[in-house]
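Please keep the sequence and the coordinates open while reading.

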Number of protein chains: 2
Amino acid sequence: MTAKLLNSRDTELVERARRVVPNGMWGHMATRAIAPGYPQFFSRSDGCRVWDADGNEYIDFMCAWGPNVLGYRHPEVDAAALARIDAGDVGNGPTESMVELAELLVDTLDHADWTLFQKNGTDATTACVTIARAATERRKILVARGAYHGAVPWCSPSLLGVTAEDRAHIIVFDYNDAASLDAAVDAAGDDLAGVLLTAFQHDVGKDQHLPQAAFLAHARKICDRTGAALILDDVRAGFRLDVRGSWARYGVKPDLAAYSKAIANGWPLAAVAGSERFREGAGKVFVTGSFWYGSAAMAAAVKTVRILRDSDALAHTETMGERFRDGLSAISARHGFKLRQTGPAQMPMVLFDGDEELKIANAFCLAALRRGIYLHPKHNMFLCAAHTPEDIDRALEAADGAFGDIVSAGILAA
Amino acid sequence: MTAKLLNSRDTELVERARRVVPNGMWGHMATRAIAPGYPQFFSRSDGCRVWDADGNEYIDFMCAWGPNVLGYRHPEVDAAALARIDAGDVGNGPTESMVELAELLVDTLDHADWTLFQKNGTDATTACVTIARAATERRKILVARGAYHGAVPWCSPSLLGVTAEDRAHIIVFDYNDAASLDAAVDAAGDDLAGVLLTAFQHDVGKDQHLPQAAFLAHARKICDRTGAALILDDVRAGFRLDVRGSWARYGVKPDLAAYSKAIANGWPLAAVAGSERFREGAGKVFVTGSFWYGSAAMAAAVKTVRILRDSDALAHTETMGERFRDGLSAISARHGFKLRQTGPAQMPMVLFDGDEELKIANAFCLAALRRGIYLHPKHNMFLCAAHTPEDIDRALEAADGAFGDIVSAGILAA
């Protein structure tokens, strides 16, 4: 094993945090949800690299859990946002940036005739559900079992603090399973407001599955027939797989879609984009927030989306994902481990066969961390346009060392 | 009347926006919700001034609807945030700024033993409700009739897209009415999770009312007796009336409180602050968001709260509010109008007697706008620390002219 990380600063911050924050940390960035031994606090990020509070440097494969798509501190994106901050960010109304961004998204997304902006992905998915209900005057929303759509009572992965009524009109089906969807549609009867689907199946701790084109077409047909809204939750994958929206390659257009994370390369923003048929419904509902009209994040999004349109950033990211996937596959096999690498290469999920309790994954990720790469043992990871072939090769070298480390420590393939 | 505002740029942006945004604009910043003739788009803000898209300058009395408390583009606050952006804002975890802010809030707020951070005020109020339910294992939340707590289904001012079940466990009572609160408590029976109150009664279009100390003490006693959470929604008033929390002066401590708006002087942030008794419940619930751990807004909040603690900014703001209130009272009387000015002077509500349809208010505000002050005809307004006596006096001069304008145009007191 390599030496333990320097982590005295992190330990000190964790101890201070425990006094003034329940458990020291909450939500998806709590390290207890990642892997034992991970640093909780960071000091810096740049391109595809992050530095923890003790100054340890990592090649990063989480990209802030999705917001980073072009590289941290992208100079053009940040300059666009900072110009708006210099003029004044939040005010008594939006600036021209809002119109520019709305026009750009309507021009770029293959399904959008209009947009609305928010701050959180959950704001956008919740607005989609509210718009679908207002437009259809119906109540039932169909969601795939195990899908993550946000962290509020109607969709939270936890039931603590949630009442049964919060989900009274949620009906579940299985992703990519047309018969299961049909059964849910039947259960909704004449009260079907919408069918909500993530861009692909990216449930935590499970193999990822791309959507089957026939399944998406089937869902589209159901919504056409019933008048319900086909809702794409593209919060995690949007502006990372395809700048036109993640279903553009399948030729299936959602009625409503939720975007966030990568849309402004780290500046806080979310968006709902919808079709003409739902414009009136979207104009009826009351959705708002104190910071939703701030122009800095909108200017950052304009620049981000333009770069994604005009450059090969996303194709490059996919290539880097494939380079990492292929390399990891070969290296792990050499060390006697069998990996399952699923989903889009630029949003890789890496799981070990027979490792339900994540013993191998946690040991491997921690060993990799000590060798300078930041991976996740059970959540999909993210690559960004700042990853270079050299970064990937260095990361693979570290992974090779990490497999050696865990084998030396007696961790064996299942 | 003075000349019509230059507004060709605003008109052009409004027309463009209508094509790509339902109704051209949504939420509380849609000018159709303000007064006819108001500009929809802005270009710049500084101190207590805003400039619309056509470059018309206004002395501002809305302060971005609350976020601006120290003055737009406050150099120290923005420098603190920009230093974090320069190092990298969102990452794979929080930075030391989170710990600093949590420690500072626990030290500053009179009721807080711990904190959690979010982006929207609605995130914070929703988290309070979820924590109250998780901690008490009960469901009923009591809210004051007409109070605004956010724009999601359980609390939205609109019922469009909302189902009955979204409010199945919400029971209403009347603010400052102990008997009404008692009746709601009785209705909740042994299922009372929390009592949710805004800092004072600040419902749109109505006279504002400060909380009666005896009413707050009564609510506190009910929660002590039943184990329910007393929840303060301090989103609008927090860090504007009293840096210790808006109920500190009444000696009543909430169990949970929601903050946002002014907490970071315009940088997007919200916070839940709670008591020891609810720490465990807060540690149980799953609440999170993609941008909740970004350090720029947290660094901005640290600086904002420190300035509010260490300076006379809030006392000065109150003095400016009183100067404006007193001046407006005298001027309006001279022109034959009777105003009702209610609530804290730094968050003034100005309504005209006998003006239920807002004909006088809309005419007056538009006339004032044309003379360079930005007022609101039916929502509480906001003053900030950047307002100087000279700004207030110039605003009063404009108001004087505006009253003359509307009288000349035949608008008479009711």
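Arg340(B) counts as partly exposed because its relative accessibility is 27%, where buried means under 20% relative accessible area, exposed means over 50% and partly exposed lies in between (1.4 Å probe, protein chains only). Salt bridges that share partners also build one network, made up of Arg9(A), Glu12(A), Arg16(A), Glu96(B) and Glu103(B); a salt bridge is a side-chain nitrogen of Lys or Arg within 4 Å of a carboxyl oxygen of Asp or Glu.

The model is predicted, so local features need pLDDT of at least 70 and side-chain atom pairs count only at pLDDT 80 or more, while totals for chains, interfaces and linings use all residues. Residues are numbered from 1 along each chain as its sequence is written, chains are lettered from A and ligands numbered from 1 in the order in which they are written, and side-chain values use heavy atoms, with hydrogens and water left out.

Arg340(B) has a salt-bridge partner in Asp353(B), with 2.7 Å between the closest N and O atoms. This pair links distant parts of the chain, 13 residues apart: Arg340(B) is in strand E11 (residues 339-342) of chain B, and Asp353(B) is in the loop between strand E12 (349-352) and helix H10 (359-370) of chain B. Helices (H or I, at least four residues) and strands (E, at least two) are DSSP runs, numbered from the N terminus. Asp353(B), at 26% relative accessibility, is partly exposed too.

Over all chains, the structure holds 50 salt bridges. One of them joins Asp191(A) and Arg139(A) through their side chains (2.9 Å, N to O). The two residues are 52 residues apart and link distant parts of the chain, with Asp191(A) in the loop between helix H5 (178-188) and strand E7 (192-198) of chain A, and Arg139(A) in the loop between H4 and strand E5 (140-144) of chain A. Asp191(A) is buried at 11% relative accessible area, whereas Arg139(A) is partly exposed at 35%. In chain B, Glu276(B) and Arg279(B) form a salt bridge with their closest N and O atoms 2.6 Å apart. Glu276(B) is partly exposed at 43%, and Arg279(B) is buried at 18%.

Helix H4 (residues 121-136) of chain A contains Thr126(A). Thr126(A) is buried, its relative accessible area being 8%. Leaving aside residues up to four places away in sequence, Thr126(A) touches Val152(A), Trp154(A), Val152(B) and Pro153(B), contact meaning heavy atoms within 4.5 Å. The side chains of Thr126(A) and Trp154(A) also make a polar contact (2.9 Å). A polar contact is a pair of N or O atoms within 3.5 Å; within protein, one must be able to donate a hydrogen and the other to accept it, and residues adjacent in sequence count only if both atoms are side-chain atoms.

In chain B, strands E2 (residues 49-52) and E3 (residues 57-60) run antiparallel and are joined by 3 bridges; two strands pair if DSSP finds at least two bridges between them. Arg49(B) stands opposite Ile59(B) in E3(B). E2(B) and E3(B) form a hairpin with 4 residues between them, and Gly55(B) in the turn has a positive phi of about 90 degrees. E3(B) is also joined by 2 bridges to strand E13 (residues 373-374) of chain B, and these strands run parallel. Here Asp60(B) stands opposite Tyr374(B).

Chain A is superposed on chain B by a rotation of 180 degrees with 0.0 Å of shift along its axis (RMSD 0.0 Å). That is the relation of a two-fold axis. The superposition is by least squares on the C-alpha atoms of residues with pLDDT of at least 70 in both copies. Of the interface residues of chain A, 100% are also interface residues in chain B, so the copies meet through the same surface.
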